[in-house]
Amino acid sequence: MATGDTKKNAAEAATSKVEVLDKATYEDDPSCLTIVFHEEDHTIGNSLKHIISRYPEVEFCGYNVPHPLEDKILFRIQTKEGHNAGDCLKRGLKELEQIFGAVRRTFENRMGEFEGKIDV
Amino acid sequence: MPPVDNRIFMDHERVLNTHDANSDMASSSEPWSVEKYCERIRVEIVNETSDGMELEFDLIGVEAPIANALRRVLLAEVPTMAIEKIYMYQNTSLIQDEVLSHRLGLLPIRVDPRKFAFPLTKTIGINESGVDCDSEPPGDPKYNVIFELKVKCTKNPTAPKDATEPKDVFINSSVYSSEFTWCPIGDQETELLPHPAMVHDDILVAKLRPGQEIEARCHCVKGLGRDHAKFSPVCTATYRLLPIIKIKEEIKGEAAHLFQKSFSDGVIAINVNSNGEEVAVVQDARRDLCSRNVLIHEELASKVELSRQRDHFMFSVESSGALRSSDLVVEACKVLEEKTRDLRRLVSSVIR
């Protein structure tokens with residue numbers, strides 16, 4: 001019972017930021033997913049779309065800012081039959097994290113070299 | 001020279017093949033692998049000013065959505081500290097309370113935002129009489145930096161008889177940002193080194209005349225540029241693609257000088273060849289601002305091919321003073337890493 005409650009609380013906290021649009025349809029057919037990211041914009045929308053649309057199992061991936069005064073984006077993934085759109089989204093987020101991690105490490109290395117050169 | 005499909009060609013009045021083959025067409029030539037993608041990312045530091053506030057670097061091997069995410073985060077999602085609440089005890093100057101407050105909010109402050117936490121509530125509520133507080137709160141060393149502004153304008157008794165300029169006749173006729181004094185709270189005196197201060201000492205805040213005074217205590221909080229531009233850590237953060245100029249046919253003599261003048265300074269050099277003729281050569285394509293002026297000269301247009309390298313982003317970052325530009329870039333990457341990590345966790349919790 002207690003674990004069920006904490007799970008519910010975590011889900012409730014998440015809904016303020018992330019929300020599945022038309023959850024019943026997704027549960028019925030996991031190849032289509034539309035998810036709402038609150039307080040997000042083109043920054044994450046476009047870069048995530050860019051990564052996910054390169055996956056071979058993805059048929060369609062796109063995002064949309066419904067209204068400029070509403071601080072949210074809708075993110076849609078449609079996969080080929082037998083694939084789970086939610087898994088694609090999670091993979092996309094993970095790989096995006098890896099990419100920016102790589103950018104950061106490369107930048108830090110080059111910056112270190114650059115500063116070393118100046119000191120000499 | 002990069003392969004043709006990695007270049008964007010610039011015509012007289014249009015730019016060709018701007019589409020992104022990898023994401024718009026979903027027809028990439030090779031299978032996607034994030035490891036290979038990460039290995040191909042390159043960074044070259046081009047230039048940094050001695051104070052570290054302006055930085056130019058090249059990001060190579062990524063597409064526009066990735067470079068653009070970095071730029072957008074630098075502008076709007078790397079936190080800084082800015083004046084948010086002003087407790088105004090006296091303002092008899094000409095400038096109204098709310099206008100003065102807005103001006104104060106925009107002053108850049110030199111303090112490391114990484115040593116602070118975001119405020120716990122986004123907005124502070126008001127009571128039934130429409131007031132958000134009755135007295136100034138003491139401030140929390142984990143969330144706030146407090147500055148005090150206390151100036152009064154008086155007549156200058158030692159002014160020469162024939163002086164007419166306000167700065168000679170009066171004392172404190174102009175209030176500059178150097179008038180702010182930092183008021184440490186808690187253990188900030190020892191914890192915050194170097195001590196918080198205004199980035200610039202010479203910003204004109206208000207003008208006073210004898211008898212007028214301003215007394216205010218300014219509480220800074222940590223915030224994001226997407227909430228208010230005063231929190232933006234950069235003056236500008238931009239990128240542009242690396243220009244490539246290919247001379248297809250030798251350009252000699254008078255035409256070489258016309259060719260040189262068609263580009264930005266330093267892009268084209270003129271060499272003298274073994275026959276004593278002047279020949280135009282590309283010296284530094286990255287200095288070109290891509291005006292494409294050369295294409296209006298018909299005799300030159302056919303001899304040159306103008307393009308830009310699709311995956312070579314020349315970034316320029318100018319910090320507004322709180323952190324060095326190189327630190328801002330690192331922070332921006334961390335913001336994005338953290339954001340994607342958090343979203344992944346949240347997504348996992350809402351779907352199954």
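**Local geometry and packing in a predicted model**

Asp22(A) lies in the loop between strand S1 (18-21) and helix H2 (23-28) of chain A. The model described here is predicted. In this model Asp22(A) has a positive phi of about 55°, although the residue is not a glycine. Asp22(A) counts as exposed, at 52% relative accessibility. The cut-off for that class is over 50%. Most residues other than glycine have a negative phi, and most peptide bonds are trans.

Phi of Cys290(B) is near 60°, a positive value in a residue other than glycine. Cys290(B) is placed in the loop between strand S16 (278-282) and helix H7 (298-301) of chain B. Is Cys290(B) buried or exposed? Cys290(B) is buried, and its relative accessible area is 12%. A further case concerns a peptide bond. The bond from Leu193(B) to Pro194(B) is cis, with omega near -5°. Pro194(B) sits in the loop between helix H5 (188-191) and strand S11 (197-198) of chain B.

The overall make-up of chain A is as follows. Chain A has four helices and four strands. Read from the N terminus, its elements run α-β-α-β-α-β-β-α. Chain A has 120 residues, and buried residues make up 44% of them. Contacts in chain A were considered between residues at least 6 apart in sequence; of these, 52% join residues at least 24 apart.

Aromatic pairs come next. A pair of aromatic rings is described by the distance of the centres and the angle of the planes. The count comes to eight aromatic pairs over all chains. In one pair, the rings of Trp32(B) and Tyr37(B) have their centres 5.3 Å apart and their planes at 50°, so this pair is tilted. Trp32(B) is buried, and Tyr37(B) is buried too. Tyr239(B) and Phe313(B) form an edge-to-face pair. Their centres are 5.1 Å apart, with 90° between the planes. Tyr239(B) lies in strand S14 (residues 234-247) of chain B and Phe313(B) in strand S17 (residues 304-319) of chain B, so the pair ties together parts that are 74 residues apart in sequence.

Neighbours within four places in sequence are left aside here. Tyr239(B) is then in contact with Ala64(B), Ala67(B), Asn68(B), Arg71(B), Phe313(B), Met314(B) and Phe315(B). Tyr239(B) and Glu56(B) are 183 residues apart in sequence. In space they are 9.3 Å apart, C-alpha to C-alpha.

In chain A, the charged end of Arg91(A) sits over the ring of Tyr55(A), 3.8 Å from its centre. In chain B, the charged end of Lys222(B) sits over the ring of Phe118(B), 4.9 Å from its centre.

Helix packing is illustrated by one contact in chain B. The axes of helix H2 (residues 64-76) and helix H8 (residues 325-350) of chain B come within 9 Å and cross at roughly 105°. Which residues of H2(B) meet H8(B)? From H2(B) they are Ala69(B), Leu70(B), Val73(B) and Leu74(B). Their partners in H8(B) are Leu328(B), Val329(B), Ala332(B), Cys333(B), Val335(B) and Leu336(B). The residues of this contact divide into 10 nonpolar, no polar and no charged.

The loop between S17 and H8 of chain B contains Ser320(B). Ser320(B) is buried, with a relative accessible area of 19%. That value falls in the buried class because the limit is under 20%. Apart from neighbours within four places in sequence, Ser320(B) is in contact with Pro108(B), Val199(B), Ser232(B), Pro233(B), Val234(B) and Cys235(B).

Notes: Residues numbered from 1 in each chain as written. Chains lettered and ligands numbered in written order. Predicted model: local features only at pLDDT ≥ 70, side-chain atom pairs only at ≥ 80, totals over all residues. Heavy atoms only, no water. Phe/Tyr/Trp six-rings, centres within 6.5 Å; stacked < 30°, edge-to-face > 60°. Buried < 20%, exposed > 50% of the residue type's maximum accessible area, 1.4 Å probe, protein only. Helix = DSSP H or I, 4+ residues; strand = E, 2+ residues; numbered from the N terminus. Lys NZ or Arg CZ within 6 Å of the ring centre and 35° of its normal. Axes fitted to C-alpha atoms, helices over the stretch in contact; angles between N-to-C directions. Contact = heavy atoms within 4.5 Å. Nonpolar A, V, L, I, M, F, W, Y, C, P; charged D, E, K, R; others polar.
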